Amino acid sequence: MLGMVGRAAEGFYQVCRGLWTVFKHSGRPPTTKEFPDVMPELPGAFRGRLALAVNPETGEHLCISCRQCERVCPDKCIDITAHKSPQTGKLELIDFKIDHGLCMFCGLCTEVCPTSCIINTSDFEMSEYSRGALIYDLKRLTLSQEESAYYFAKKDLPPPKPKAKPAPKPEAAGDAGESLAQQPSDVSQQPGPKAEE
Amino acid sequence: MNSAVFEIGKFARLTLLWLCIIFGAVWGVSWSIGVLLPAVILSQSGESGRFWAQLLQALVPVVAVALFVPLNTCYMVLAERRLLALFTVRKGPNRVGPDGAFQTVADALKLLLKEEITPRGADLLMYTLAPVIFFAPSIIGVMPLLAAVSGNHPLFTPVNLPTGVFYILAVSSIPVVGVVMGGWASNNKYSLVGALRSAAQAISYEIPLLLSIITVCLLAGTLDFVQIADNQRGSLLNWNILGGGALTHLGIGSPWWSIAAALLLAACCILLFALYVICACAEVNRTPFDLPEAESELVSGFNTEYSGIKFAIFFLAEYTNLFIVSTFAAVMFLGGGHAPFPGLEDACISGLRGLLAAWFGACTPFQLGWLVNSLVNPATVSQVFWIIVKSYALVWFASLIRATLPRLRIDQLMDYSWKRLVPLALILLIAVTFLKELV
Amino acid sequence: MVPEMTEELRANKLKTDEMLINMGPQHPATHGVLRLILKLDGELVKHCEPVVGHLHRAQEWQGQNRTWFQYQALIDRVDYLSGMFTSWALARAAEKIDDVKVPLRAEYMRVIVAEMNRLTSHLLWLGTFGIDLGAMMGLPFYPFREREELLDLLEAIAGQRMMFNYIRIGGVQNEAPPGWFARLFKFTGSFPDRIDEYEAILSNNPIFLKRTKAVGILPRKLAIDYGVTGPTLRASGVALDLRKVKPYSVYDRLDFAVPVCNRDGDTYDRYMCRIIEMHESNKIIRQCIEQIPGGTADVLREKRKACSACGKANCPHCGGDLAIMVKKQNAGLRVKAGEGFAAVESPRGVLGCYIISTGSDTAYRIKWRNPSFSNLAVLPELLLDHQIADIMAIFGSIDVILPDVDR
């Protein structure tokens, strides 16, 4: 009888201890992250939506159409269209498609990219109304210069070297002449893209 | 720390807002139907309008309950969610309306608009009737409490039964029929198991619940809510939870056995209150006795197959029942509408009276003054305030329990009731009867 | 424990019938997509048959059709609550074939992230165990709060919260970001108090004790016969923890205890084992942070900045023990021809990986030995003659992850 009373008292005490522990928590700051209002602070390593970076300084596209990402992708969600430029004989990027509906965000493509062109951004809000809309083309994938600079700094990536361009042929240089004229010395110093391949 | 205090403040603000809405609306409508409209009718049509005036007055409790139940459920669900959020270091619903105040209204609307699904093979009549049978007792059960809550206000005197306690106890055993009906008619095995559990549980826990209430009635010497509440007037020491005034009768010269008996009586009554809280939790299917629902075992128990408005009715009834048992406890054990300290009640009343006089007293003509007086009666307001505080404190405590305790198993539940609670209740019944005479 | 009502009822010629209930795969408490076919006599379970395979994704077959580099990224998905361990088992098996010596710093990093992952897994288990027992609203949120902190840390180092792809063949993926070690160390300081709080709510609660003590007793012999491993086995009194029995990585340099219950374990013992394991994992992480060669990432980074010889062969701050990877991985990662088996102690038990490699960039055959599968196999035995409510308590206590069962 006394034992039963003792057990009951002990049980009552333990229940009260539990209740008190729970009650204590009402005095602690909430851990809720009010997501759409307050965006989470994501680390640099975060593997979000894939994007193609441009050179943060010059704004030229970093992709060299080497197709390494296409080959390494476990889901085969990357589709690169490139052709050999008739003028220079070098690879030229025509389109770059990533089906984010297939992508599993493993980040392997970013690891193999020789120019740090394809990167995982911190963007994760990409819901769409159709599957087709999840297929991003070159235009949607390419980041602006500022965004590229932001991600290069955030991910602590080595700054890309300016891509070497062949000397413009006089007839093709009509509109691009100015931008190319700024770095004639670079062109001569850098090895051609062949060396990278 | 700061943000935690902020959250608590938000909860308090929300509670205040909702209590104003609930009681303002209920009392406003009751007053317009019961006082204003009859006065207008009588002044317009004289004797011939007397019948209509009386009919309107008789309708007041029904209208009040019909308004109170859904509004109160809206608040209670919201309060529970916010409280659980507080206890679990979250924020809770805070999107709909200011600070999420109208979250439950939106939820209720959603439930009402949802498609009702009747499972194949269900017994349609029983399936439809079950929520009604589950819900009806809670509406009927609130009525006698109205009188107790409002301090026997003239408008609610008709629903104050001399045997109100028994009436509520009788009514509160009906919902289990609805549960069994719903569980059986759903043609779902989980529902069936939930329903059977519920039947067993309701029968087992009704007995200690009843015994604890009877003991309080013995202590108070009456079955009338208003009487029981009035007996506890004065101070904390007069409350039934501390022996119903046994401690106040003691003087310097009391014999030792009287003092001992009074102290023992107080201890017994505290135990009695604990017993009541446990059994009430089981009666309204709250954690740790939520076996009929038992989400992790039976999906959702007896209401697995219910959707839309039928589910809403189950939900409504559940929370109304929780409010009923809380108010019941507030009246039976915690002094009803009386303040815990001697001077507090008078201070409340006189303060309110002063405020009213300052606002309306000077400038209003006589007749308007009467109307205002009947609208805001300081004594009633103080009563209602204290009983609301007590009832909702118990509701909040139920949320705390829900946040902490795991669920019992069905055989342990039965063991606990028949081997622990029923004997304890009987012992307490006998002890209180004797001790009361000794004091 | 369980009222023997059926015999009396039969004696009285009251006809009762067994009820067939199909629990799952959409039941809220089956932790995913387990289907249990139950024969119930009232509330008593008379027969139970788990049906697995709803989540079968051919993980082994995929390993034979993906390159090593690709498969590493996939393998986290086998047991999504402890992705580090599956990666680790794969990496160890491949390293065994390759005969690679993993740098010491990488080994420490592996132990740190793996123990963190063990903590997250156990914390999630604790929360869901509370839900299984009916503590629906309060308790589950507290472990999740701590788990969130750990997941944030893992996200910072590996890039994602659960699909880490961090432990690689030959090391780990990258160095910790700035401030990471300090955050982790701070967390480990406050974590034991948090565990005490969970214990204040559950461990001595009379209802909890009633629900777990003497429920689902798993005798030592039965556990061994079924090949049960992990805390479930240790709660039944078998001191089998690969970290102690066959110390791999740097576990032999660390001081930690393995909780073993010295009787036939019930649900409560399994609960206690995991709670104590959380304390021990916390201790391991602290020791690792103190012992890790080269110091924390921040210290090392400073040293490397000041060092002039970095990148050269004789640099004291890079390469050797202080590297995190044997050599930088690329898509053409190959494993030498041969076969090898390696096992790690995952939160659920012994997780083994058997590889046959022909020296190409894909495996010839990969076989996984998943702890959840063998632990689940013992469930029908445990459930016999228990009540419906106990199904959840027992199933929760053996801590099964369905993707791990079905692969």
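Chain A and chain C bury about 2300 Å² between them, with 54% of this area on carbon and sulfur atoms. Buried area is the accessible area (1.4 Å probe) that two parts lose on being put together, summed over both. In chain A, Arg47(A), Met104(A) and Glu111(A) lose the most area to chain C. Together they account for 23% of what that side buries. The model is predicted: local features need pLDDT of at least 70, side-chain atom pairs count only at pLDDT 80 or more, and totals for chains, interfaces and linings use all residues. Residues are numbered from 1 along each chain as its sequence is written, chains are lettered from A and ligands numbered from 1 in the order in which they are written, and side-chain values use heavy atoms, with hydrogens and water left out.

In the interface of chains A and C, 28 residues of chain A are in contact with 28 residues of chain C. Contact means heavy atoms within 4.5 Å. Three salt bridges are counted between chain A and chain C. A salt bridge is a side-chain nitrogen of Lys or Arg within 4 Å of a carboxyl oxygen of Asp or Glu. Lys33(A) and Asp152(C) form a salt bridge through their side chains, at 3.5 Å from N to O. There are 14 residue pairs in polar contact across the interface of chain A and chain C, both residues at pLDDT 80 or more. A polar contact is a pair of N or O atoms within 3.5 Å; within protein, one must be able to donate a hydrogen and the other to accept it, and residues adjacent in sequence count only if both atoms are side-chain atoms.

Three helices of chain A, α1 (2-24), α2 (68-72) and α3 (108-112), each supply at least two residues of the side that touches chain C. Helices (H or I, at least four residues) and strands (E, at least two) are DSSP runs, numbered from the N terminus. The most comes from α1(A), with eight residues. By class, the side of chain A that touches chain C holds 14 nonpolar, six polar and eight charged residues. Ala, Val, Leu, Ile, Met, Phe, Trp, Tyr, Cys and Pro count as nonpolar, Asp, Glu, Lys and Arg as charged, and the others, Gly among them, as polar.

Chain C also meets chain B. Here 27 residues of chain B are in contact with 37 residues of chain C. The buried area is about 2800 Å², and carbon and sulfur atoms give 62% of it. One salt bridge is counted between chain B and chain C. It joins the side chains of Asp390(C) and Arg409(B), at 2.8 Å from N to O. The side of chain B that touches chain C draws at least two residues from each of α2 (50-87), α7 (189-220), α10 (295-298), α14 (378-404) and α15 (410-438). This side has 13 nonpolar, five polar and nine charged residues.

Chain C has an open, antiparallel sheet of three strands in the order β1-β2-β3. Two strands pair if DSSP finds at least two bridges between them. The edge strands of chain C are β1 (19-23) and β3 (44-51), each pairing on one side only. Seven bridges link β2 (residues 35-41) of chain C to β3(C). Arg35(C) has Val51(C) as its bridge partner in β3(C).

In chain A, three strands form an open antiparallel sheet, ordered β2-β3-β5. Edge strands β2 (78-84) and β5 (135-136) of chain A each have a single partner strand, so one side of each is left without a neighbour in the sheet. Strand β3 (residues 91-99) of chain A pairs with β5(A) over two bridges. Asp99(A) stands opposite Ile135(A) in β5(A).
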